[in-house]
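Student: I would like to learn how to read a few features of a protein model. Could we take them one at a time?

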Amino acid sequence: MAARTTPTARTGLLVIQPVRRRHCTECHRGPLPMLVLEEGAPRCLGCADLGHLVFLPRGDTALTRRSREESALSAVVVRFNRRRGRYERQGVLVEEAGLARAERRCLADAEARRRRRVRDARRRAVQDVRFAEAFAAEIRRLFPGCPDDRARDIAGHASVRGSGRVGRSAAGRALSERAVTSAVVASVRHLDTPYDQLLMSGVPRHEARRRIAAVVEATLRGWRTEEVGEGKGEVADVLSGPV
């Protein structure tokens, strides 16, 4: 438990936004909005000689990087996410003068960085379109009977950047047969069976999948041809797996 709830700093100083009410071991002030653990004991920023630093919330990558570059002393601020079971970065503590210098640097090249972000966004958009097209082509190769519009919809849904869906997994980006089949199975499950209604009526997920498995298999059989029949084992493998 100690290992799970005690963060470790990879580089530099680490400051914690506590989830529970904590008081400084040295001056007894509290509850503390931020603290430093020294030999396992909480100390306020003042007692830890960090009281002169100002907090910069996360969100502006350039400003954060430059503020740390301009500050002789800085610290990373983290907070424990109970749902995810891990510490997550909230921002940084930096010197006020360093923050001011960083803000001036960011203002000086704000337009250049905006143009670069636009170029990067366009480049990523082109990459995403090409990847979705390749994903759809692989769906049509494995399931020649799948309508073209449906293949494009499945590929577009599975490959959304940052979605965490199967198309963005390592296997999905490699266009592995299992990942592509998983995306198709998920689409059939949600759009061609009463799976969602079963879940909404309180049927457990695994039981709902068991009830609609035959419909999914029949739909996929109709989309396949004998030439690609050797891949049928992939369907059985992913029908009960998470997607």
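Tutor: Start with burial: a residue is buried under 20% relative accessible area, exposed over 50%, and partly exposed in between, using a 1.4 Å probe and protein chains only. Cys146, with a relative accessible area of 3%, is therefore buried. Cys106 has 8%, so Cys106 is buried as well. This is a predicted model, where local features need pLDDT of at least 70 and side-chain atom pairs count only at pLDDT 80 or more, while totals for chains, interfaces and linings use all residues. Residues are numbered from 1 along each chain as its sequence is written, and side-chain values use heavy atoms, with hydrogens and water left out.

Student: How many disulfides does the structure hold?

Tutor: A disulfide is a covalent bond between the sulfur atoms of two cysteines. Here the test is a pair of cysteine sulfur atoms within 2.5 Å. The structure holds 0 disulfides.

Student: How many helices and strands are in the chain?

Tutor: Both are DSSP runs numbered from the N terminus: helices are H or I with at least four residues, strands are E with at least two. The chain has 10 helices and 6 strands. Of its 243 residues, 38% are buried.

Student: Which residues is Gln17 in contact with, leaving aside its neighbours within four places in sequence?

Tutor: Contact means heavy atoms within 4.5 Å. With those neighbours left aside, Gln17 is in contact with Pro33, Met34, Phe55, Val77, Val78, Arg79 and Gln90. Gln17 lies in strand E1 (residues 13–17) and counts as buried because its relative accessibility is 16%.

Student: At what angle do helices H4 and H5 pack?

Tutor: Two packed helices are described by the angle between their axes and the distance between the axes. Axes are lines fitted to C-alpha atoms, for helices over the stretch in contact, and angles run from 0 to 180 degrees between N-to-C directions. For H4 (residues 110–142) and H5 (residues 148–158) the angle is about 130°, and the axes are 8 Å apart. Angles under 35 degrees count as roughly parallel, over 145 as roughly antiparallel, 65 to 115 as roughly perpendicular and the rest as oblique. H4 and H5 are therefore oblique to each other. Among the residues that meet are Phe135 and Ile139 in H4 and Ala151 and Ile154 in H5.

Student: How far apart are the axes of H5 and H7?

Tutor: The axes of H5 and H7 (residues 177–191) are 10 Å apart, at an angle of about 105°. H5 and H7 are therefore roughly perpendicular to each other. Arg150, Ile154 and Ala158 in H5 meet Ala183, Val184, Ser187, Val188 and Leu191 in H7.
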